[in-house]
Amino acid sequence: MDGETRHIISYRTLVIIWLALLVLTAITIGVSRIHLGPLNIWAALGIASIKSALVIFFFMHLKHEPLFLKVFLLIALLTLAIFIGLNFFDVLYR
Amino acid sequence: MITNSSHEHSGKDPFGARLGMWLFLFTEVILFGGLFVLYAAYLSRYPGEFAQAAHRLDMIMGGSNTIVLLTSSLFVALAVSALQRSEKTAATLFLLGTVISAMVFLGIKYLEWSAKIGHGIYPDSAILNEMARGEIIFFGLYFVTTGLHGLHVLIGMFIILVMLVRVRIGTVDADNFTQLEVSGLYWHLVDLIWIFIFPLYYLLL
């Protein structure tokens, strides 16, 4: 990691990611107006996760970070998932 | 591609700085995660009342703020790329774009909360207390979550403003941009949280 060589993300890539985020926002709004029952919330969360991945990998440069940092993020998200999962294990089966 | 001076010579550790910021961001994720867990648990208990309360939120304002925040994130990312290429003027202008976006976001948030409070909907108000239990919980979570998020926008805006000044006077430049980078990471987190708030609160059917 000494004297690290850093990748510069081009303006073009950043603008394309931004456009993709705007399109996904439009899709979220569109999907939310269709009655799909419980699927609505999962669609909303799914699209929000894709948008987050775009922000994290490109805007936050995670794509060009070492594997160590990627694993670090994965562990943090797994912790959150366990936290949410255990809560529902309690809430749903009371 | 550019090469930073080795931290052995400069005494700096850019990767360590970024790692530290990511670690802090994880604690933020857990903080907001707690609020999202409460949201999810009560949504499963009061789905109808949550939907009814969500219909009272202004989707146009929420949607506009989504676009404003996504754009502000783009500006920060562009500013980092610009500074890495020593394009100081461009970096300054991009950061100015972020600060203006943050102000627009807070302005819209002000109008939105004013309208809610104008209609008598605020924590422990007489009108809210008359509503169903699920709606009271929804609005309680709405004010806490968007309030905490708004506070983050305010703090982030000042951090970006400081970065703007430092880029302008040259203390942050192409050879020393870690500060700007980690400030940007914080700003992107604010955007990430909103990416989840918007569909969960404003678009719920």
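Biologist: What makes Asp124(B) exposed or buried?

Modeller: The cut-offs decide. A residue is buried if 20 or more other C-beta atoms lie within 10 Å of its own, exposed if 12 or fewer, and partly exposed in between, with C-beta atoms placed from the backbone. Asp124(B) has 8 other C-beta atoms within 10 Å, so it is exposed. This is a predicted model, where local features need pLDDT of at least 70, side-chain atom pairs count only at pLDDT 80 or more, and totals for chains, interfaces and linings use all residues. Residues are numbered from 1 along each chain as its sequence is written, while chains are lettered from A and ligands numbered from 1 in the order in which they are written.

Biologist: Where is Asp124(B) found, and what is its phi?

Modeller: Asp124(B) is in the loop between H5 and helix H6 (126-130) of chain B. Its phi is positive, about 70°, although Asp124(B) is not a glycine. Helices (H or I, at least four residues) and strands (E, at least two) are DSSP runs, numbered from the N terminus.

Biologist: What makes His61(A) buried or exposed?

Modeller: His61(A) has 22 other C-beta atoms within 10 Å, so it is buried. His61(A) sits in the loop between H2 and helix H3 (67-92) of chain A. Its phi is positive too, about 65°, and His61(A) is not a glycine.

Biologist: Why is Met21(B) called partly exposed?

Modeller: Met21(B) has 19 other C-beta atoms within 10 Å, so it is partly exposed. Met21(B) lies in helix H2 of chain B.

Biologist: Which residues does Met21(B) touch, not counting residues up to four places away in sequence?

Modeller: Val182(B), Leu185(B) and Tyr186(B). Two residues are in contact if their C-beta atoms, placed from the backbone, lie within 7 Å. Ser81(B) is 60 residues from Met21(B) in sequence, and their C-alpha atoms are 19 Å apart in space.

Biologist: What about H8(B)?

Modeller: H8(B) has 25 residues. From first C-alpha to last it reaches 36 Å, close to the expected 36 Å.

Biologist: Why are H4(B) and H8(B) called largely enclosed?

Modeller: In H4(B), 19 of the 26 residues are buried, so the rest of the structure largely encloses it. In H8(B), 22 of the 25 residues are buried, so the conclusion is largely enclosed for that helix as well.

Biologist: What makes up the largest nonpolar core?

Modeller: A nonpolar core is a set of buried Ala, Val, Leu, Ile, Met, Phe, Trp, Tyr and Cys residues joined through C-beta atoms within 7 Å. The largest one has 67 residues, and Ala79(B) and Tyr201(B) have the most contacts inside it. Elements of both chains each supply at least two residues of this core, including H1 of chain A and H2 of chain B. H8(B) gives the most to this core, 16 residues. Ala79(B) touches Ala91(B), Phe94(B), Leu95(B) and Leu180(B), leaving out residues up to four places away in sequence.

Biologist: How many residues are in contact between the chains?

Modeller: 41 residues of chain B contact 36 residues of chain A. H2(B) provides the largest share of the chain B side, twelve residues. That side divides into 25 nonpolar, 13 polar and three charged residues. Here Ala, Val, Leu, Ile, Met, Phe, Trp, Tyr, Cys and Pro count as nonpolar, Asp, Glu, Lys and Arg as charged, and the others, Gly among them, as polar.

Biologist: How does chain A compare with a compact globule of 94 residues?

Modeller: The radius of gyration is taken over C-alpha atoms, and the globule rule is 2.2 Å times the number of residues to the power 0.38. The rule gives a value near 12 Å, but chain A has 17 Å. Its C-alpha atoms fill a box of roughly 55 × 30 × 10 Å along the principal axes. Buried residues make up 17% of the 94 residues in chain A.

Biologist: What is the confidence in chain A?

Modeller: pLDDT is the predictor's confidence in each residue, from 0 to 100. Chain A averages 91, and 95% of the residues score at least 70.

Key. Expected span 1.5 Å × (residues − 1).
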